[in-house]
Every structure is written in C-alpha cells, then in structure tokens.
Amino acid sequence: MGGPRGAGWVAAGLLLGAGACYCIYRLTRGRRRGDRELGIRSSKSAGGTAGFPAEDLTDGSYDDVLNAEQLQKLLYLLESAEDPVIIERVLITLGNNAAFSVNQAIIRELGGIPIVANKINHSNQSIKEKALNALNNLSVNVENQIKIKIYISQVCEDVFSGPLNSAVQLAGLRLLTNMTVTNDHQHMLHSYITDLFQVLLTGNGNTKVQVLKLLLNLSENPAMTEGLLRAQVDSSFLSLYDSHVAKEILLRVLTLFQNIKNCLKIEGHLAAQPTFTEGSLFFLLHGEECAQKIRALVDHHDAEVKEKVVTVIPKI
C-alpha cells in the first residue's frame, strides 16, 4: 500500500483502529477481485424499524458490524478523506451497517446523515450512488426520514436530469420510494409527477419497475390523486397495458389504475370534478382505448394478471 493512497490507509488506520480499517481495506481489495456491490432486498416487508416496511439494500459480502465508536470515527474519515476509493468504500461500509435498525439510530445521533448526504453532491457518479444507497438504508427509520427529507428536491433533480437508466438514477428512485412508503413526505414530489411518467415511458425495464413502485406509493394516498391525474402523460403510456408487457410491469400499471379509481371514491374525493386538460393522465385512464386494453387482458396467459384484471374491470 505504497504512495499517496497507501498513506491514506495509514491515516485511516491510526484514526479507526486496525479492525475497522481492515474491514474497509478488505472491501477495497475485494473490488479488484470482482466483489459484489450492495444488493437490493426489494420487499416492503423486509427489515428495518419494527412496523415500518421498506426496501433495504443489504449484502452478504460484509459481515462485521461496527460499534458506535467505530461508526463515529468512520464518519470523521468520510468527512476528511479525499481519495475517491476510500470515500466509496466508507460509504459502502456505512450503508451495510445502516441495514441494522440499531445502527440507523446511532448514525443519526452521531450527526451522520448530513455527512453521508453531502456526498450526493460529489462529481464521482459511483460515490453519488453509494451515498444514495446509504441514505436509502438509513431512510428505513422514520426518525431518520425527518432529516433526510430536506434532500428530496435535490435527489429528484439528480434523478430527472441525470443519465437515463444510470446507477445513480436507480439509487435515487429507490430512496424516493422508501421516503414515500408513508404519506408524510409525498407532497414534496407534487411538482415532479410529470417527470416520473416521462422516466417511466423512456426507461428500461428495471427503471420502469422502480418508477412504478414509487407511483404506486403515491397512488394509495387520496391527497395525491388530483396531482397524479393532472400530470401530462404521453399517450404511449397506454402501451404498458398491452398483453406482451412484462408481468412485473403489467401488474403494477393495473394496480395503479385500481388505486387511483379507489381514491376517487373515498369520501367523495374530487366529487367536484376539477377540470383536467387534454393529455393528462385523467384523459388516458378514462378513455375508451384504456378500457379496451384492460378488458382484453381478461384472456391473458398469466393467472395472476387475469386475477388482477377481474378486480379492475368493475372500476372501468
């Protein structure tokens, strides 16, 4: 470990102690051998604070859980390090530790959330991604969300202005999905709904699924229904209801339709029928073409899709 980078590891060792520094160094060396990056456990019932579902990012490549003192030193290293490799590995270590609910609280109490969030401004795209992944794990904790919410607008700007289908875009979408599991912060996405549909229509399969997860969170909240229906959406959106569309996408767009229709009926919501402009989602979902496409799915080859269609047809 000679040279400037080796010197960085020596400084890190003096600060963190042999155990914590070795964990990070092992991860860095592992990267050269093709180690695994952070994985995704994308079940809303997975991990986190009791009673609060979310999408955890966890991975089995890092087994050592740091204690509060080590986490504090790690956060200091994250603030002071300049070597991109060290910064990235520290973020991965913090992100993996933040998969445990006790560490989610400790990192918050140590003032770690703004330290991690500061790295979403980094010019290195891999560092931005790892910072978003770490925030995603931290966002499983409801109290952490109160501190993370101030970064929602910035995350949205990065998601919608950055490269389509990029790792940063997907990491940002995952964080926004976690932040909208409850209704508390959904209103902060009001001005980005049309952008979400644009990414939905232009992104690849993975991006489409992630955007739909986020839209489904919003669609369950009656307070977001009018904003969703007002969104200007290209007519190609209706092609997502074609029978050849991947099941994981098709089931979600059917559920989106179902959720919005359900919200329209809750306590007379939107009973006054506000004016929706042509080209809005309202016109697409209430048009005859949408109705025909959904009815045609009753003969779909997949039993789960057919079952979903049966529950949706009465709402057409």
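Is valine 90 buried or exposed, and what is its relative accessible area? Valine 90 is buried, at a relative accessible area of 1%. Buried means under 20% relative accessible area, exposed over 50%, and partly exposed in between (1.4 Å probe, protein chains only).

This is a predicted model: local features need pLDDT of at least 70, side-chain atom pairs count only at pLDDT 80 or more, and totals for chains, interfaces and linings use all residues. Residues are numbered from 1 along each chain as its sequence is written, and side-chain values use heavy atoms, with hydrogens and water left out.

**View 1. Overall fold.** The protein has 17 helices and two strands. Helices (H or I, at least four residues) and strands (E, at least two) are DSSP runs, numbered from the N terminus. Of the 316 residues, 52% count as buried. The accessible surface comes to about 13,800 Å², and 52% of it belongs to carbon and sulfur atoms. Areas come from the Shrake-Rupley method with a 1.4 Å probe; for residues, only the protein chains shown count as cover. Among contacts with a separation of 6 or more, 72% join residues 24 or more positions apart. Contact means heavy atoms within 4.5 Å.

**View 2. Valine 90 in helix H4.** Helix H4 spans residues 84-97 and holds valine 90. Leucine 75 is 15 residues away along the chain. The C-alpha atoms of valine 90 and leucine 75 are separated by 8.3 Å.

**View 3. Helix H10.** H10 is mostly covered, with 12 of its 13 residues buried. Among them are Val168, Gln169, Arg174 and Met179.

**View 4. The largest nonpolar core.** This core has 82 residues. A nonpolar core is a set of buried Ala, Val, Leu, Ile, Met, Phe, Trp, Tyr and Cys residues joined through side-chain atoms within 4.5 Å. Leu94, Leu135, Phe197, Leu215, Phe237, Tyr241 and Leu285 have the most contacts inside it. H14 gives the most to this core, with nine residues. Not counting residues up to four places away in sequence, tyrosine 241 touches Leu250, Val253, Leu254, Phe257, Leu285, Cys290, Lys293, Ile294 and Leu297.

**View 5. Salt bridges.** The structure holds 12 salt bridges. Each is a side-chain nitrogen of Lys or Arg within 4 Å of a carboxyl oxygen of Asp or Glu. In helix H13 (residues 225-230), arginine 230 and glutamate 226 lie four residues apart, about one turn of the helix. Their closest N and O atoms are 2.9 Å apart. Arginine 230 is partly exposed at 37% relative accessible area; glutamate 226 is partly exposed at 27%. Aspartate 242 and lysine 293 form another salt bridge (2.4 Å, N to O). This pair links distant parts of the chain, 51 residues apart: aspartate 242 is in the loop between H13 and helix H14 (247-265), lysine 293 in helix H16 (residues 288-296). Salt bridges that share partners join Glu88, Arg89, Glu129 and Lys130 into one network. Within it, lysine 130 and glutamate 129 meet at 3.3 Å, N to O, and both are buried.
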